[in-house]
Amino acid sequence: MSDGLEFEEFYRAEFPNLVRAMFLLVPDDDEAQELAQEAMVRVYERWNRVRSMDRPGGYVYQVAVNLNRRRIRSLAMRTRRLLMFGGGLQHVETTETRRELSEAIGSLSMRLREAFMLVDWLGMSSEEAGRILQIEPASVRSRVHRARNELRSHLTAGEDGHG
């Protein structure tokens, strides 16, 4: 079987679930698609090595999560710049408020963000989220608590800086 054909089968089998998993991290369908596509491109570039791994599907998920982490770091840097140079934002528009909230969530570490999104945004129990994240439910609750505190601090720091 040629490498190209083998990759196509891998792509067909993994891509739909990868997009769904990325949607849990970035609740925007276009962003989830982009992350999944970029991860698949990177796996394709390394296919000779990846195909011999025990779990190539797990590798593509890790690549996508790492790409999202880079995206979050970039968002966090832009948020910091916005807060430093934002000036008079007392009369914030609704779309801008949504953007700031999205950036605040994006500034969370991946561990906190994953737990926060699964529990607070998707309404999963800590047990369900723990199974997905492969951690104890108590760890999920701890991460969600820390995520809420960081978001609260992040968002109120932005308000304090403009008042």
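**Nonpolar cores and a helix pair**

Beyond its neighbours within four places in sequence, Val43 is in contact with Phe7, Phe10, Val50, Tyr59, Val60 and Val63. The model described here is predicted. Val43 is also among the residues with the most contacts inside the largest nonpolar core, which has 23 residues. A second, separate core comprises eight residues.

**Largest nonpolar core**

- Besides Val43, the residues with the most contacts inside this core are Phe10, Leu18, Met22, Ala39, Met40 and Val60.
- Two or more residues are contributed by each of helix 1 (3-25), helix 2 (29-45), helix 3 (47-50) and helix 4 (56-85).
- Helix 1 supplies the largest share of the core, namely seven residues.
- Phe10 and Val60, both named among the residues with the most contacts inside the core, are also contact partners of Val43.

**Second core**

- Among the eight residues of the separate core are Ile105, Leu108, Phe116 and Ala147.

**Packing of helix 6 and helix 7**

- Helix 6 (residues 110-121) packs with helix 7 (residues 126-133) at an angle of about 140°, and their axes lie 9 Å apart.
- Because of that angle, helix 6 is oblique to helix 7.
- The crossing in which helix 6 passes helix 7 is right-handed.
- On the helix 6 side, Glu114, Ala115, Leu118 and Val119 take part in the contact, meeting Ala129, Ile132 and Leu133 of helix 7.
- By residue class, the contact of helix 6 with helix 7 consists of six nonpolar residues and one charged residue, with no polar residues.

How values were computed: Residues are numbered from 1 along each chain as its sequence is written. This is a predicted model: local features need pLDDT of at least 70, side-chain atom pairs count only at pLDDT 80 or more; totals for chains, interfaces and linings use all residues. Side-chain values use heavy atoms; hydrogens and water are left out. A nonpolar core is a set of buried Ala, Val, Leu, Ile, Met, Phe, Trp, Tyr and Cys residues joined through side-chain atoms within 4.5 Å. Buried means under 20% relative accessible area, exposed over 50%, partly exposed in between (1.4 Å probe, protein chains only). Helices (H or I, at least four residues) and strands (E, at least two) are DSSP runs, numbered from the N terminus. Contact means heavy atoms within 4.5 Å. Axes are lines fitted to C-alpha atoms, for helices over the stretch in contact, and angles run from 0 to 180 degrees between N-to-C directions. Angles under 35 degrees count as roughly parallel, over 145 as roughly antiparallel, 65 to 115 as roughly perpendicular and the rest as oblique. A crossing is left-handed if the near helix is turned anticlockwise from the far one by less than a right angle, and right-handed if clockwise. Ala, Val, Leu, Ile, Met, Phe, Trp, Tyr, Cys and Pro count as nonpolar, Asp, Glu, Lys and Arg as charged, and the others, Gly among them, as polar.
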